[in-house]
Amino acid sequence: MLPWKRLLRPLTALLLTAVVAVVPAATAHAAAPSSGWNDYSCKPSATHPRPVVLVHGTFANSTDNWLAFAPYLVERGYCVFSLDYGQLPGVPLFNALGPIDKSAEQLQVFVDKVLAATGAAKADLAGHSQGGLMPRYYLKFLGGAAKVNTFVGIAPDNHGTTLDGLTNLLPYFPGAEDLLSAATPALADQIVGSAFLTKLNAGGDTVPGVHYTVIATKYDEVVTPYRSQFLTGSDVHNVLLQDLCPVDLSEHAAIGLLDRIAFHEAANALDPAHATPTNCASVFS
């Protein structure tokens with residue numbers, strides 16, 4: 001192979017990564033939450049008849065997690081809403097740290113609020129990281145399946161994480177697991193084998209009536225192994241980002257915060273009737 005051909009793939013990857021970062025950053029700068037996101041006067045259109053509720057990840061909040069994706073959806077005609085959940089006393093801005101089952105109760109209340117405001121019969125949900133896990137509790141145990149049509153999880157820790165094996169070290173540090181559970185219950189809930197995950201996944205990953213999509217990246221360094229993110233069920237679409245665009249280098253944070261290729265695939269899941277192929281060029285769509 002000629003030298004320039006050897007360089008083509010990494011150079012293409014570098015260029016794409018730069019574009020993925022720059023394009024949504026410019027969009028986010030121009031579009032604050034006041035631009036139509038969390039607008040309770042918004043009424044869903046015939047084209048997009050369901051409001052979209054965005055669910056942030058651990059240590060994130062309803063604004064920062066969605067500075068790119070919320071405007072992306074608003075520009076495409078969706079009514080978009082986001083909530084804060086899992087707050088701990090005395091910890092501002094960094095949310096999703098409380099017990100996940102209690103966070104699901106907050107989501108339950110928020111979805112009801114959005115449906116009442118918009119007049120829609122059902123909502124769609126999209127979440128990043130813990131936000132792609134927690135709503136499954138709402139769907140399975142809190143009646144959410146009757147109120148949700150589609151759920152898109154972006155880099156969700158559906159079966160927990162080992163953090164590249166680091167969680168396996170916890171038993172060697174007496175009291176570490178108890179301290180983690182007491183100080184940040186959501187982190188403990190997300191460890192492989194936790195009581196929360198055992199209950200959530202018992203009897204199957206999904207519930208009837210909801211369309212599930214999972215979008216993962218093989219470069220995820222937080223939810224490991226990355227294939228543990230995928231769900232099993234009769235109405236599940238599991239997507240690996242690199243199958244759509246092999247040179248996309250997004251890791252756990254970037255896939256939810258910046259990646260317009262992931263956004264495009266998520267939009268396809270929200271509106272399958274008007275879906276278009278997702279590929280590397282989707283960064284410009």
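**Disulfides of the predicted model**

Two disulfides are counted in this predicted model, a disulfide being a pair of cysteine sulfur atoms within 2.5 Å. With bonded cysteines counted along the protein chain, the disulfides follow the pattern 1-2, 3-4. The model is a prediction, in which local features need pLDDT of at least 70 and side-chain atom pairs count only at pLDDT 80 or more, while totals for chains, interfaces and linings use all residues. Residues are numbered from 1 along each chain as its sequence is written, and side-chain values use heavy atoms, with hydrogens and water left out.

Distant parts of the chain are linked here: C42 sits in the loop between α1 (3-30) and β1 (52-55), and C79 in the loop between α2 (69-74) and β2 (80-83), 37 residues apart. Helices (H or I, at least four residues) and strands (E, at least two) are DSSP runs, numbered from the N terminus.

Buried means under 20% relative accessible area, exposed over 50%, and partly exposed in between (1.4 Å probe, protein chains only).

C245 and C280 are also joined by a disulfide, at 2.0 Å from S to S. This link of C245 and C280 is right-handed, with 100 degrees about the S-S bond. Relative accessibility is 0% for C245, which counts as buried, whereas C280, at 26%, counts as partly exposed.
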